[in-house]
Amino acid sequence: MTLVKDSPPATRRARSAAPAADKRRGRRENLAGYLFMSPWIAGFLLLTAGPMVASLYFAFTDYNLFNTPKWVGLDNFTKMFDDPRWQKSVAVTAKYVVIGTPLKLLLALGVALLLAQSRRGQAFYRAAFYAPSLIGASVSVAFVWRSIFSDNAIVDRAMSAVGIHAGGWVGNPDWILYSLVALTVWQFGAPMVIFLAGLKQVPRELYEAAELDGAGAFRKFWSITLPMISPVLFFNVLLETIHSFQIFGSAYVVSNTYCGPADATLVYTCYLYQQGFKNAQMGFASAMAWMLLLAVALVTAVLFWSQKKWVHYEEDAR
Amino acid sequence: MGTSRNVERRTILKAAGAGAAVFGLGATAGCGGNSGTSADGTVTIRYSWWGADERAKKINQTIQLFEKKYPKIKVKTDFQDYVSFWEKFQTQASGGNPPDVFQNAVTFLRKYDKRGVLLDLKSQIDAGNLRLDNFRAGVTKVGEVDGKQLGVPVGSNTMALVVDKKVFQKAGVEPHPGWTWDDYFKALKTIHDKTKVPGDTGYFSIMYLYDLYLRQNGKAFYTKDGLGFDKADLTEWWQDGYNRTKAGIITDPKIVAQDRPKSSLSAGHGASEFTWDNFTVRYTAEGDSEYGLAPIPTMDGKHTGQYLASLMLSASSRTQHPKEVAQFIDFMVHDPEVGKIMGYDRGILAATEQYDAFKPTDPVNKEIAQYEADTAKAGVLGTITPHPSGADTIEASFLRIGGDLGLGKVKTSDAVKQFFDEAQAAFQA
């Protein structure tokens with residue numbers, strides 16, 4: 001708890017003209033604030049920050065959980081690029097992100113546009129579409145997914161009825177990843193709610209003015225709605241992309257813990273988990289974790305850079 | 001404003017109080033974990049194993065018997081399924097906090113010996129706390145590494161061919177001792193032709209079976225410190241396996257993937273499977289058919305390459321109570337009542353006191369006993385293949401890569417290279 005005492009009071013915001021007594025009270029309140037935060041701070045330091053620093057160190061060592069970590073420099077990082085399974089895991093994850101994220105956002109936006117129009121029962125539909133986002137990430141749903149995408153289960157039968165005899169997706173290395181994509185797309189409710197909020201913010205008068213000029217529905221969407229909700233769209237793209245990179249639970253459960261068949265669902269975190277906790281290659285696994293962080297940071301940076309080109313904040317638009 | 005502020009404070013205080021309580025509890029638990037001896041001299045030991053509810057029920061009964069006989073020793077238990085068990089164990093052991101006594105198997109013995117996790121039970125045997133006599137011939141060897149006794153067998157088993165009796169009968173196929181691989185693969189084809197069921201669920205990715213095949217050819221899966229075969233050997237084994245999968249006499253690996261965690265044999269998608277003989281108990285519970293045991297095919301009409309393997313109890317080198325742990329192991333492997341409760345759940349009971357005490361009455365367990373007796377009588381049992389550190393990872397790699405190969409997603413030469421690379425990494429880890 002020394003941290004609380006030593007930390008400089010973050011009282012920049014306190015009015016400088018305030019009397020000394022007020023200042024002291026402010027400081028006391030800050031101290032109390034830190035004290036109340038201390039369970040969280042302790043948890044953050046012990047369970048998040050500490051392990052992160054440790055894993056940064058392990059990333060440069062040969063460490064099997066039992067030995068004293070041996071410094072190997074960049075070996076773990078160079079080894080990744082020679083490892084066919086690592087390459088595979090990158091390819092699988094990239095495919096999942098590139099296919100799943102746009103589909104999910106398109107569906108979310110589409111349904112949000114429909115819901116924004118409807119007057120009646122909006123609350124019901126909103127809740128109904130949002131529900132999968134609440135339960136979708138759970139392990140039990142992944143189990144259900146596993147069974148509906150098996151041979152002769154509902155998906156197989158529906159597809160056979162229209163003449164596509166693909167069999168169950170779960171055992172098929174060419175199809176199983178799409179069952180995971182379907183699982184994430186199905187949870188479009190969360191970005192949808194955010195889109196809905198964004199759509200409500202678009203001023204009515206813009207549409208009225210456009211209608212007077214004879215703009216059609218598509219033109220209104222393209223020239224008004226899309227630019228006006230582009231900050232919300234940006235936010236959703238960013239969040240969903242970062243989230244997609246971290247996929248683990250659904251791949252782990254739908255493939256019955258082994259991220260197969262033929263490594264078809266070997267997403268990045270699953271390979272990391274296998275190397276770290278099954279093969280006890282903790283140094284390599286740590287290096288993988290930092291590599292993922294770098295990759296996500298890079299993608300985020302590119303997205304932020306790109307927003308200059310397509311995201312319009314309200315001040316610019318008016 | 002004033003009231004809402006008060007409410008907030010009260011809520012926050014409550015939350016802080018709860019937080020403090022959690023921290024307090026954490027601290028207490030931390031202290032309790034270390035010693036395991038209470039003021040009145042009662043010792044608590046931790047015992048973990050892998051298995052399912054059925055096994056847990058039986059083990060809990062045996063622990064009650066133990067605690068009755070040794071009132072000063074309390075046993076705390078913990079169990080998971082096989083894969084989770086070893087993941088948890090690895091984490092616990094690396095943190096210096098493994099269970100005092102635990103179920104163990106030969107693939108993990110050298111790995112954890114190398115890491116200094118296992119207690120050499122020799123001193124406890126010499127002190128008379130643990131008896132190593134009255135065991136089935138040769139079975140205690142399984143727990144020996146470099147002159148140290150690192151595990152004591154609770155049950156022993158051998159690799160066997162588990163068959164779906166109904167499908168075999170329908171196809172008119174009759175396995176017999178000394179049958180050859182040619183006979184076996186012809187039988188698979190007959191079964192597939194007559195019943196449409198693939199004859200086998202994927203023999204070529206099972207490490208323990210390939211070991212037997214290699215032993216029949218004067219080699220083995222492992223030497224003391226490496227692989228006992230070369231890339232050409234494995235290329236041939238896997239290429240044949242792939243061709244047979246394509247021909248339909250081996251279950252499509254897509255189906256195998258969907259059947260998990262069930263076996264494709266008990267799911268009715270294959271007519272036979274190479275595995276440990278005590279697994280018929282599990283398959284009988286899982287599947288709809290009747291399951292029996294058949295001899296391992298041979299090269300020369302005689303040698304099957306089989307040996308006695310076993311599940312063992314091992315102790316942690318960090319245990320504070322080696323004597324109590326030794327007494328516990330002794331009780332669990334020798335006490336006749338324990339044998340009656342456990343039956344053949346973990347293989348044929350290894351010590352004669354237990355073996356004699358349990359007489360199977362149901363056909364499945366009777367057949368296991370008969371199979372073991374026949375195998376022993378045939379004189380085909382040899383010395384167990386050494387399993388170097390890393391064998392556990394290698395077994396998993398062999399299964400995974402073999403399965404990928406069957407799916408046709410990878411060329412045989414690439415699969416073989418991948419396996420050798422992963423094996424190399426596992427030996428070094």
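Where in chain A is the place of A:Pro261? A:Pro261 sits in the loop between α12 (249-254) and α13 of chain A, and the peptide bond that joins A:Gly260 to it is cis, with omega about -5°. What you are looking at is a predicted model, in which local features need pLDDT of at least 70, side-chain atom pairs count only at pLDDT 80 or more, and totals for chains, interfaces and linings use all residues. Residues are numbered from 1 along each chain as its sequence is written, while chains are lettered from A and ligands numbered from 1 in the order in which they are written. Helices (H or I, at least four residues) and strands (E, at least two) are DSSP runs, numbered from the N terminus.

**Where the chains meet**

- The contact between the chains takes 26 residues from chain A and 24 residues from chain B; two residues are in contact if their C-beta atoms, placed from the backbone, lie within 7 Å.
- On the side of chain A that touches chain B, α2 (20-58) and α13 (268-278) each supply at least two residues.
- That side of chain A divides into 12 nonpolar, 11 polar and 3 charged residues. Here Ala, Val, Leu, Ile, Met, Phe, Trp, Tyr, Cys and Pro count as nonpolar, Asp, Glu, Lys and Arg as charged, and the others, Gly among them, as polar.

**The nonpolar core**

- The largest nonpolar core has 159 residues, and A:Val267, B:Val101, B:Val162 and B:Ile329 touch the most other members. Such a core is a set of buried Ala, Val, Leu, Ile, Met, Phe, Trp, Tyr and Cys residues joined through C-beta atoms within 7 Å.
- Helix α4 (residues 84-117) of chain A gives this core its largest share, 8 residues.
- Neighbours within four places in sequence aside, A:Val267 is in contact with A:Ser89, A:Val92, A:Thr93, A:Tyr96, A:Ile247, A:Phe248, A:Ala251 and A:Cys259.

**Helices packed side by side**

- In chain A, the axes of α13(A) and α14(A) come within 8 Å and cross at roughly 160°. Axes are lines fitted to C-alpha atoms, for helices over the stretch in contact, and angles run from 0 to 180 degrees between N-to-C directions.
- That angle makes α13(A) roughly antiparallel to α14(A), a label for angles over 145 degrees.
- The crossing of α13(A) past α14(A) is left-handed. A crossing is left-handed if the near helix is turned anticlockwise from the far one by less than a right angle, and right-handed if clockwise.
- A:Tyr268, A:Leu272, A:Gln275 and A:Gly276 of α13(A) make this contact with residues of α14(A), including A:Met282, A:Phe284 and A:Leu292. The contact residues divide into 8 nonpolar, 2 polar and no charged.
- In chain B, helix α16 (residues 391-406) and helix α17 (residues 412-428) have axes that come within 10 Å and cross at roughly 165°. This makes α16(B) roughly antiparallel to α17(B), and their crossing is right-handed.
- Among the residues where these two helices meet are B:Ile394, B:Phe398 and B:Ile401 in α16(B) and B:Ala415, B:Phe419 and B:Ala423 in α17(B). The contact of α16(B) with α17(B) divides into 8 nonpolar, 4 polar and 2 charged residues.
- Helix α11 (residues 279-286) of chain B packs against helix α15 (residues 363-378) of chain B at an angle of about 155°, with the axes 9 Å apart. So α11(B) is roughly antiparallel to α15(B), and α11(B) passes α15(B) in a right-handed crossing.

**Loops worth a visit**

- Chain B has a cis peptide bond from B:Arg260 to B:Pro261, with omega near 0°; B:Pro261 is in the loop between α10 (253-259) and β8 (272-276) of chain B.
- A:Asn256 is not a glycine, yet has a positive phi of about 55°. A:Asn256 lies in the loop between α12 and α13 of chain A and is partly exposed, with 17 other C-beta atoms within 10 Å. A residue is buried if 20 or more other C-beta atoms lie within 10 Å of its own, exposed if 12 or fewer, and partly exposed in between, with C-beta atoms placed from the backbone.
- A:Ala280, also not a glycine, has a positive phi of about 55°. A:Ala280 is in the loop between α13 and α14 (282-310) of chain A and is buried, with 25 other C-beta atoms within 10 Å.

Methods
Parallel < 35°, antiparallel > 145°, perpendicular 65-115°, else oblique.
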